[in-house]
Amino acid sequence: MSGPLAGLRVFDLSRILAGPTCTQLLGDLGADIIKIERPGQGDDTRKWGPPYIKDRDGANTGESAYYLSSNRNKRSVTIDVAKPAGQALAKRLIATCDIMVENFKAGDMARYGLAYADLKDQFPKLIYCSITGFGQTGPYAPRAGYDLLAQGLGGIMSVTGEADRPPMKVGVGIADVMCGMYATTSILAALHHRNATGRGQYIDLSLLDTQVAWLVNIGLNYLTSGKVPGRVGNEHPNIVPYNVLECADGYFLLAVGNDAQFQKFCAFAGCPELATDSRFVTNEARVHNRRVLYDELLPPVTRSKTQAEWNEGLAKLGVPASPVNNVKQVFEDPQIQHRGMKITMPHPLAGSGQVDLIGNPIKYSETPVEYRMAPPYAGQHTEEVLKELLGVGDAEIGRFKTDGAI
């Protein structure tokens, strides 16, 4: 491994999406990720299908697309941490690791003797990251947390969707993904602190906290004005025109970010008078007068050209515009292909011998991301890791099995 985090090892007791998103990113950056799974069960998301990888006979395997999405560059080890022998084995592996990530409910790790309080004196350099729905403290701490609940409680659903329709969640588990990103950032900062002081620390992250954190401008709109934001569909609360607009053969996206771009748009659209109209000459004026612009004046203008004419013509002028791609079109897009955002990796269970995955967006000049291992099947590396990290032989592995540790 030659990535920027090469030489670091992570004891990964996370599953579902937030924790695995974090550890996949750390793995992409070169860390050795030891993914701990329940014997006979594995990560819950292995069963979150269809679709699943197909074997050589076209039958479903136990590897779902959902699981594949966040478990690249990891080694899977099955350990039963509910049993004393499994807990003892887990501690032996933790002794070889720099970082531990877990996303059990608050208090669960203490039941297994694997809470930070149980480990910090024995492993003072350990960076221990806990991800929960609501954090380790507060009235909601004991509750199980899911992405949908975080989106609802954290406000993002209240501003997503059309004004006259019910609240809508984001189409992917964005609260989980963003919590995983915050977890990665916090771990890297803790590593810097450890390099300076020699001390590890505990990180308490929650889906709800991170969801509130990325309300960003919408949250500040409320804190600044005291006005509760509502749903505006595809419109932007602070920028106009910024919307999905109808054209001669469908729809296109227009994202005018400043007054100069609006002037260029109007000139290209054949309505230069709008750029000098006092109702629209500044963005602030356009925000106040958005309804007349969107509902009355722009529709006949935007319907006069095709999607291709708008996208190509405005791109030449530096005015942001684009089509609305479906997922198939995303991976066929020449820019996406050029940037390597679809990758293919060998997989032992796939009938084709390989699986397609989404690439990492980070482009380093000196330490490029490496795709070393496809998402493992449950327990794929148990014996390999125990022999490599603990120096055990076949006899001791046999005892681990007898004791129910693996």
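A pocket, as I use the word, is an open set of grid points with protein on both sides within 12 Å along at least five of seven lines, and its lining residues have an atom within 4 Å of a point. Keep that in mind. One caution as well: this is a predicted model.

So, the largest pocket. Its lining counts 29 residues. Which of them lie nearest the centre? Q24, S69, S70, V177 and I358 do. The volume is about 1,000 Å³.

What is the lining made of? There are 15 nonpolar residues, eight polar ones and six charged ones. Several elements contribute. At least two lining residues each come from α1 (18–28), α2 (65–68), α6 (147–153), α7 (174–197) and β13 (354–358). The largest share belongs to α1, with four residues.

Next, the sheet. Strands of a sheet pair through backbone hydrogen bonds, either parallel or antiparallel. Here we have an open sheet of six strands, and the pairing is parallel. Read across, the order is β5-β2-β1-β6-β7-β8. At the edges sit β5 (74–78) and β8 (202–206), each pairing on one side only. From one strand to the next, the twist averages 20°.

At one of them, β8 pairs with β7, residues 127–132, in the parallel sense over five bridges. Opposite C129 stands I203 in β8.

At the other, β5 pairs with β2, residues 32–37, again parallel and over five bridges. K35 faces across to S76 in β5, standing opposite that residue.

Is β5 largely enclosed or left open? Buried here means under 20% relative accessible area. Five of the five residues of β5 are buried, so the strand is largely enclosed by the rest of the structure. In a regular strand the side chains alternate between the two faces of the sheet. In β5, K74, S76 and T78 point one way, while R75 and V77 point the other way. Both groups are buried.

Last stop: helix α14, residues 307–317. Which of its residues are buried? W310, N311, G313 and L314. An α-helix has 3.6 residues a turn, so residues three or four places apart point the same way.

Terms used:
Residues are numbered from 1 along each chain as its sequence is written. This is a predicted model: local features need pLDDT of at least 70, side-chain atom pairs count only at pLDDT 80 or more; totals for chains, interfaces and linings use all residues. Side-chain values use heavy atoms; hydrogens and water are left out. On a 1 Å grid over the protein atoms alone, a cavity is a set of points where a 1.4 Å probe fits but cannot get out, and a pocket is an open set with protein on both sides within 12 Å along at least five of seven lines; lining residues have an atom within 4 Å of a point. Grid points are joined across faces, edges and corners, and a volume is the space filled by probe spheres set on the points. Ala, Val, Leu, Ile, Met, Phe, Trp, Tyr, Cys and Pro count as nonpolar, Asp, Glu, Lys and Arg as charged, and the others, Gly among them, as polar. Buried means under 20% relative accessible area, exposed over 50%, partly exposed in between (1.4 Å probe, protein chains only). Two strands pair if DSSP finds at least two bridges between them. Axes are lines fitted to C-alpha atoms, for helices over the stretch in contact, and angles run from 0 to 180 degrees between N-to-C directions.
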